[in-house]
Number of protein chains: 2
Amino acid sequence: MFRTHNCGTLRKKNVGEEVILAGWVKRVRNLGTVSFIDLRDHYGITQLTFYGKNPLKKKADQLGREFVIQVCGKVAERKSKNLKNTTGFIEVVVSKLRILSYSKIPPFIIEEKTDGNEDLRMKYRYLDLRRDFIKKKLITRHKIVFEIRKYLSENGFLEIETPLLVKSTPEGARDFVIPSRTNPGQFYALPQSPQSFKQLLMIGGIDKYFQIVKCFRDEDLRSDRQPEFTQIDCEMSFVEEEDVIKISENLINYIFQKIRNCRFAKSFPRISYKEAIKRYGSDKPDIRFEMIIKELNDVIPKKNNRELIAGISIPGCANYSIRQLNDITEWSQLHHIRNLTWVKCLIDGKYQSPFFEKKYFKIFYDRLGAQPGDLLLILSGLDDQTVRRQLGKIRIEMAARLGLLKTNQFSPIWIVDFPLFVWNEDQKRYASFHHPFTSPKEENIYLLKKNPEKIIAKSYDLVINGKEIGGGSIRINKRSIQESIFKILGFSRKEIFSKFGFLMEAFEYGTPPHGGIALGLDRLVALLKGEDSIRDFIAFPKNNSYRDPMIGTPSYLSDDQLKELHIFIKR
Amino acid sequence: MFRTHNCGTLRKKNVGEEVILAGWVKRVRNLGTVSFIDLRDHYGITQLTFYGKNPLKKKADQLGREFVIQVCGKVAERKSKNLKNTTGFIEVVVSKLRILSYSKIPPFIIEEKTDGNEDLRMKYRYLDLRRDFIKKKLITRHKIVFEIRKYLSENGFLEIETPLLVKSTPEGARDFVIPSRTNPGQFYALPQSPQSFKQLLMIGGIDKYFQIVKCFRDEDLRSDRQPEFTQIDCEMSFVEEEDVIKISENLINYIFQKIRNCRFAKSFPRISYKEAIKRYGSDKPDIRFEMIIKELNDVIPKKNNRELIAGISIPGCANYSIRQLNDITEWSQLHHIRNLTWVKCLIDGKYQSPFFEKKYFKIFYDRLGAQPGDLLLILSGLDDQTVRRQLGKIRIEMAARLGLLKTNQFSPIWIVDFPLFVWNEDQKRYASFHHPFTSPKEENIYLLKKNPEKIIAKSYDLVINGKEIGGGSIRINKRSIQESIFKILGFSRKEIFSKFGFLMEAFEYGTPPHGGIALGLDRLVALLKGEDSIRDFIAFPKNNSYRDPMIGTPSYLSDDQLKELHIFIKR
């Protein structure tokens with residue numbers, strides 16, 4: 001037995017007990033007449049004490065940081081107690097000391113505040129994990145995942161594993177593929193999501209499915225993207241949009257209550273995609289704060305082919321200095337935003353602006369719903385969508401500057417009524433706004449033939465604090481409609497058959513109405529902990545080049561391996 | 001709303017209610033004056049009734065099997081009740097009928113007893129899933145997995161996801177590999193197990209880890225093997241063999257109690273590898289029955305270079321006919337077993353044997369622990385191991401013939417004291433008996449230099465009813481020992497560094513003593529349900545050629561895809 005207790009459990013009531021502890025040497029303090037060691041393990045820190053007469057004191061003084069040791073000793077009450085530490089009332093006076101494992105000097109400080117940069121910490125991820133800061137994130141993730149499973153299981157969902165060796169399909173992002181040794185020239189693919197399989201489960205008569213599952217996308221490298229990520233994947237039969245939304249709200253409410261002890265309204269607000277873009281300049285609106293975008297086109301006579309003029313009111317910023325205003329202008333230009341100007345609505349009812357005629361001030365003030373002391377930011381441009389998206393960005397930036405992006409406040413909203421298709425001007429073809437299995441609204445089906453871009457989808461995205469936490473839809477369950485969709489997306493009959501033949505055929509054997517949702521677990525966990533980056537919530541993340549610098553992957557294979565797999569490397 | 005109730009919930013207390021149901025048409029019975037439909041969904045079957053006057057009766061009579069329909073109607077008490085069905089007390093007298101989805105005639109009968117062969121059922125797996133028989137297995141699997149997570153979480157284990165895009169390493173079976181698009185010529189590999197990562201978690205100070213995780217092995221095709229399988233993976237710090245064994249026993253006891261309402265002794269029996277081979281001719285002994293192998297070498301004078309003569313006593317088979325005995329001989333020959341002979345120990349105390357001299361009968365009888373009425377099977381051969389393994393096979397075969405392989409009886413046993421290495425005569429080198437990270441017993445470490453084959457490992461396998469359910473070990477936590485092991489296994493310094501450098505380096509930063517176990521989930525679930533084949537417990541299994549005939553994978557990629565991945569197919 002390596003220990004009788006762990007380093008986080010000894011309390012006043014244990015005083016006098018003989019104990020055995022094991023853990024890492026966090027630090028050694030030699031005060032001459034006495035030496036202290038902070039012994040750390042997963043559960044906490046316990047102070048070990050070596051008095052001057054103790055023959056072990058010399059050995060203790062020579063221990064290095066991160067050595068793994070085992071000690072026997074007697075629990076004693078501390079003279080100077082440390083009330084910050086749960087074990088701070090006691091110390092262990094050591095009578096036996098054994099070194100279990102030595103350590104070189106770690107390449108960075110293993111404390112909440114570390115001197116290690118991200119590259120170094122990724123290379124020595126196992127040392128980074130020893131930091132309380134990272135460890136607590138993994139503990140939270142475990143807890144969240146367990147609660148999700150518990151909630152869904154208790155609500156009749158079955159967790160069913162779908163395969164990871166699947167078929168490469170042309171929709172969506174690029175697949176990671178796997179050469180088959182036993183089927184020369186053929187490949188498996190890793191799933192971008194279990195979409196087809198969860199639909200097949202519904203066709204197979206499973207009523208409610210979920211899975212917390214790894215998904216894979218070989219996307220172009222971007223910061224804070226991971227090639228493998230984890231999804232909470234749900235699907236239900238005999239449901240409509242309303243049912244999926246309700247169940248998702250209940251799940252989100254349950255998790256936020258368990259983890260953050262916070263509750264939302266039973267129904268989250270909903271907004272159409274069109275309205276979200278209009279009001280917030282984004283289909284992932286952050287509604288923790290107002291600053292709604294308002295059009296001013298009717299106020300100012302049109303000139304210079306300008307398409308749109310619109311603005312937002314920034315609360316309490318009328319007192320911004322020239323320097324602060326220049327700073328905003330600079331930021332805008334960095335983000336390719338031109339034609340941004342401002343109107344100060346001073347507290348005394350006066351206005352200042354470098355641009356607009358006086359007569360517009362009060363009209364702007366009223367239209368943008370401003371208060372005395374607000375700063376109006378006004379933008380114009382040729383493209384409606386661009387102006388709105390830029391104002392959306394400004395909105396977030398100003399909220400950040402004003403400290404309105406509070407990490408302990410959560411504001412969920414559903415985005416609904418998405419278009420089914422989006423026109424890709426480069427490729428001169430339609431693409432799915434979400435994915436090709438999304439059902440159109442019944443009343444729009446007639447538009448499939450002549451006006452695909454007008455079709456509204458039965459889909460819904462869940463956005464919290466401006467982050468897309470999940471999305472889903474009611475799926476198509478009729479072969480004829482699915483075929484029409486594929487055709488609009490530019491697939492030939494042959495392609496449809498070779499890639500999705502199995503699903504087309506399955507549709508012909510009694511496919512129930514069904515739909516579902518997928519929530520991004522990494523993102524949700526980070527949000528619940530009030531953080532932006534998902535990386536620290538993943539035990540062993542890849543870097544921005546999709547590499548793991550610790551284990552050194554990807555790496556080269558031997559010629560024998562390549563030969564067995566029937567492939568050559570192109571050099 | 002598609003339904004007010006599902007098809008498994010209506011009872012006597014609902015009589016008189018107006019309800020909406022949806023589901024699949026299981027069958028239509030038109031009795032002239034009345035038609036009945038069995039409506040099936042995930043939860044059960046409800047009888048729909050259409051009386052003669054009902055204008056919907058004609059529509060109902062025309063419904064095909066597996067059509068998906070929605071009905072409104074009133075719950076009524078049945079005239080002839082079906083007590084086998086939980087909804088058998090009531091019927092729903094239908095007032096509205098809507099077809100939600102049509103179905104072609106299914107390619108096989110969707111009943112417990114089906115006419116579909118395995119190939120056909122795999123191609124239409126989504127129809128096979130509609131059979132209660134398969135669906136119940138997935139429900140059981142869900143339940144078992146949830147209970148395992150609950151138990152481990154409540155006992156302080158953290159579920160931590162380890163990556164699936166890892167590094168190809170040369171130990172063990174073949175890896176499935178994934179070309180990297182952004183790192184030309186380089187590959188990721190899918191993990192054969194999270195071994196390195198769970199050890200790194202321990203080095204990272206996580207105390208107790210678990211994960212229910214997909215693992216991948218590109219092994220030679222064998223029946224009932226899956227290229228991807230699911231493992232219950234556990235690892236703990238500051239533990240010895242005894243700790244891991246104890247925790248595993250508690251977990252197994254918990255699951256068997258929850259799922260089968262059966263309890264084992266608090267400690268399972270243990271046997272050394274050597275003793276298991278000796279007594280049972282197998283390191284996966286089925287101890288639901290006795291028939292222990294006993295040596296007879298000292299009884300019969302040695303001749304013909306014979307190495308070993310040994311036998312087992314088969315209870316109650318002394319009355320076997322010549323035909324039955326020939327049958328056993330035939331079976332033996334099919335399995336390449338020669339020199340098998342028998343002695344009948346008749347109830348009246350007499351003996352019969354075609355081979356041995358009379359004087360040996362009583363000695364055999366005593367030595368093999370026989371009872372009057374038993375049949376002694378005796379085998380001799382040149383190779384000790386072969387004779388024992390063949391007797392082990394005979395032992396299982398006879399138990400099967402005698403109906404002793406009871407699926408409702410569970411007999412766990414630990415196999416311990418495995419050798420660390422096994423000599424591969426073909427390749428003239430040592431291989432790991434389990435894997436290269438297994439720690440040798442302390443008292444054997446001195447043998448690393450001169451006598452590797454004599455080293456006993458700190459490893460343990462859990463066997464239940466003759467199936468290997470799991471295995472684990474205490475791991476090496478010292479770089480020098482790990483390096484010695486790799487050298488004995490034939491790795492060059494360069495190979496060690498390039499493949500396992502990260503682990504070697506990690507060992508130098510304070511590695512705690514640690515160990516763990518991995519249980520095969522698919523196998524465990526099948527065992528709990530008393531079945532041999534794991535395939536039906538997997539929603540979408542691959543066939544014996546590692547193909548999924550339903551979705552058609554593996555499949556060919558487009559030239560564009562191959563080009564992006566920097567690989568050529570060898571034709």
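What distance separates the centres of domain 2 of chain A and domain 3 of chain A, taken over C-alpha atoms? The separation is 38 Å. This is a predicted model, in which local features need pLDDT of at least 70, side-chain atom pairs count only at pLDDT 80 or more, and totals for chains, interfaces and linings use all residues. Residues are numbered from 1 along each chain as its sequence is written, chains are lettered from A and ligands numbered from 1 in the order in which they are written, and side-chain values use heavy atoms, with hydrogens and water left out.

**Domains and symmetry**

- Chain A comprises domain 1 (12–101), domain 2 (135–269 + 412–538) and domain 3 (289–401), with bounds that come from an automatic or database domain assignment.
- Chain A superposes on chain B by a rotation of 180 degrees with 0.0 Å of shift along the axis, at an RMSD of 0.1 Å. The two copies are thus related as by a two-fold rotation axis. The superposition is by least squares on the C-alpha atoms of residues with pLDDT of at least 70 in both copies.
- The copies meet through the same surface, because 100% of the interface residues of chain A are also interface residues in chain B; contact here means heavy atoms within 4.5 Å.

**Cavities**

- Eight cavities of 30 Å³ or more are present. A cavity is a set of points, on a 1 Å grid over the protein atoms alone, where a 1.4 Å probe fits but cannot get out, and its lining residues have an atom within 4 Å of a point. Grid points are joined across faces, edges and corners, and the volume is the space filled by probe spheres set on the points.
- The largest cavity has a volume of about 510 Å³. Its lining has 33 residues, of which A:R149, A:I212, B:R149, B:I212 and B:V213 are the closest to its centre.
- Two or more lining residues come from each of α4 (132–154) and β9 (208–216) of chain A and α4 (132–154) and β9 (208–216) of chain B. The greatest contribution is that of α4(A), with six residues. Helices (H or I, at least four residues) and strands (E, at least two) are DSSP runs, numbered from the N terminus.
- By residue class, the lining of the largest cavity holds 16 nonpolar, seven polar and ten charged residues. Ala, Val, Leu, Ile, Met, Phe, Trp, Tyr, Cys and Pro count as nonpolar, Asp, Glu, Lys and Arg as charged, and the others, Gly among them, as polar.

**Sheet architecture**

- In chain A, an open sheet of eight strands with mixed pairing has the order β6-β9-β10-β22-β21-β20-β17-β11. Its edge strands, β6 (158–159) and β11 (270–272), each pair on one side only. Two strands pair if DSSP finds at least two bridges between them.
- Within chain A, β10 (228–237) and β22 (514–520) run antiparallel and are joined by seven bridges; A:E235 has A:G516 as its bridge partner in β22(A).
- In chain B, six bridges join the antiparallel strands β20 (459–464) and β21 (467–474), with B:G470 as the partner of B:L462.
- β21(B) also pairs in the antiparallel sense with β22 (514–520) of chain B, over five bridges, and B:G471 is partnered by B:A518.

**Backbone features**

- A:N465, although not a glycine, has a positive phi of about 50 degrees and is placed in the loop between β20 and β21 of chain A.
- B:N465 takes a positive phi near 50 degrees in the hairpin of β20(B) and β21(B), which has two residues between the strands.

Notes
1 Å grid on protein atoms, 1.4 Å probe; cavity = no way out; pocket = protein on both sides within 12 Å on 5 of 7 lines; lining within 4 Å.
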